[in-house]
Amino acid sequence: MLFSELGLHPETLRALVEAGYESPTPIQEKAIPHVLAGRDVLGIAQTGTGKTASFTLPMINALAAGRAKARMPRSLILEPTRELAAQVEQSFAVYGKYHKLNTVLLIGGESMSDQTKKLDRGVDVLIATPGRLLDQIERGNILPTDIRFLIIDECDRMLDMGFIPDIEKIVSKLRPSRQTLMFSATLPPEIRRLSDQFLNNPVEVSVSPPASAATTVTQAIVRVTHAEKRNALRFLIKSEDVKNALIFCNRKRDVAIVHKSLVSHGFDAGALHGDMAQSARTETLAKFKANELRLMVCSDVAARGLDIKGLSHVFNFDVPTHSEDYVHRIGRTGRAGMSGRAFMLVTGDDAKLLAGIEKLIGTTIPEVALDGFAVDTSDNEDQEPPARARRPSGRKTREAAAEAPSPEPDEMATSTAAPPPRHRSNRPTAPKSEPIRRSANESRRRQRADEDQDEPETVVGFGNRIPAFLQAVPRPRRD
Ligand code: AMP
């Protein structure tokens, strides 16, 4: 099929030719005609399938006629992370280069007043993360009643990040006579419930089985001890033909540690996580995309949907706590038909997490042996790390195995003295069948989650649970 057969605007077709697109991807072929026909769509598609264009291209058609009014957006795209929101804005710049559409990005971590000034100039397309958008609506800076197009992207990610109550609140403020598109990589029952709630008689289009790993990615695990993880990572980077790589850690503090360690060993590395200032995040990502940085150590904030051209490698420094994150992480490479390689460092503590991932992807990930590294076969975090053992002879990864690394006393000491804490589930759970209600506390937490998209807050002291003996103490009157 050709783009010209889809009924897109001639100027959009011109922009697509200039972007080097020859034909629509399956999700574009399936979704675009329905969107142009005005139908609601539930799209089940992984990142990297071209789903962004499947909604931006027909939106350009629909928005080409008509004028933007100040503070009254004509369309709204909700994204779970700032990076994804920024990426969608770039897509509009590419596909809509011959249309004068005003796009406004509303993301956490940026000046509210600058955003408000942009809203005053009129908004055709508002691209937002939920917390910041709700904040701007509640301040009266946005009147959402004119929104005729709503796109809820990366829905399963939104669910994981606890954004659904915010989205429910946002949607309740929109006109019912709108066109709504929802995209998700997976379709758990909760997403099905949301689609029933938000969409009107939707067409369902699906382009790949949920949570399948791309066949263009060669995967391997490397069994190591905690103490040797950084050493093993460096060894892998040296032994593999790494053009550019993302290195995923589960926690922000480990992103910082691994980044510092790589830089101190002379690697060209940057870092990206939700605690960094937005300007630093944007700058690092831009450098990485422009191939000015070879390695980017990151948290899962970079795992969903980020499109980095020709990424050669993904290294999972940690086994992700949630199995689906593995699929999203390795999906950053092997995109657009190119091949990619994904390695994961696995310690004895990770047995259950690894089993969960292998169950999800329906295959056993092959093991690669690194000469000179000890193997951690324990699966009990309370045990002492096993004594360094000679790795059973296995295949060396390329030539660099010849320069087998020696352990580094500083890193060994640090890791042994402070073993990584237990993995704990950060995932907010929601009742399966009832709509989610938000308390004031929760609301504030969600708002913060928008600013800081990797880890929900740490519970301090008793958290929300006040023990009975504290509640029983009478308070002295102050008057
Ligand atoms: P997405 O899944 O929307 O993140 O898109 C993944 C990548 O595919 C992006 O780099 C797009 O620019 C690219 N892309 C999307 N549609 C096409 C197409 N029809 N032909 C070639 N590349 C495409």
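This is a predicted model: local features need pLDDT of at least 70, side-chain atom pairs count only at pLDDT 80 or more; totals for chains, interfaces and linings use all residues.

Modeller: Residues are numbered from 1 along each chain as its sequence is written, and side-chain values use heavy atoms, with hydrogens and water left out.

The ligand lies between domain 1 (3-206) and domain 2 (217-361), because both give residues to the shell around the ligand; the domain bounds come from an automatic or database domain assignment. The shell holds 16 residues, each with a heavy atom within 4 Å of the ligand. Tyr21, Gln28, Gly50, Thr52 and Asp307 are the closest. By class, 4 residues of the shell are nonpolar, 8 polar and 4 charged. Here Ala, Val, Leu, Ile, Met, Phe, Trp, Tyr, Cys and Pro count as nonpolar, Asp, Glu, Lys and Arg as charged, and the others, Gly among them, as polar.

Polar contacts are pairs of N or O atoms within 3.5 Å. A polar side-chain atom of Thr52 is 2.6 Å from a ligand oxygen atom, and an N or O atom in the side chain of Gln28 lies 2.7 Å from a ligand nitrogen atom. Thr49 contributes a polar backbone atom, 3.1 Å from an oxygen atom of the ligand. On its own the ligand has 500 Å² of accessible area, and the protein covers 81% of that; the areas come from the Shrake-Rupley method with a 1.4 Å probe.

Definitions and conventions: A polar contact is a pair of N or O atoms within 3.5 Å; within protein, one must be able to donate a hydrogen and the other to accept it, and residues adjacent in sequence count only if both atoms are side-chain atoms.
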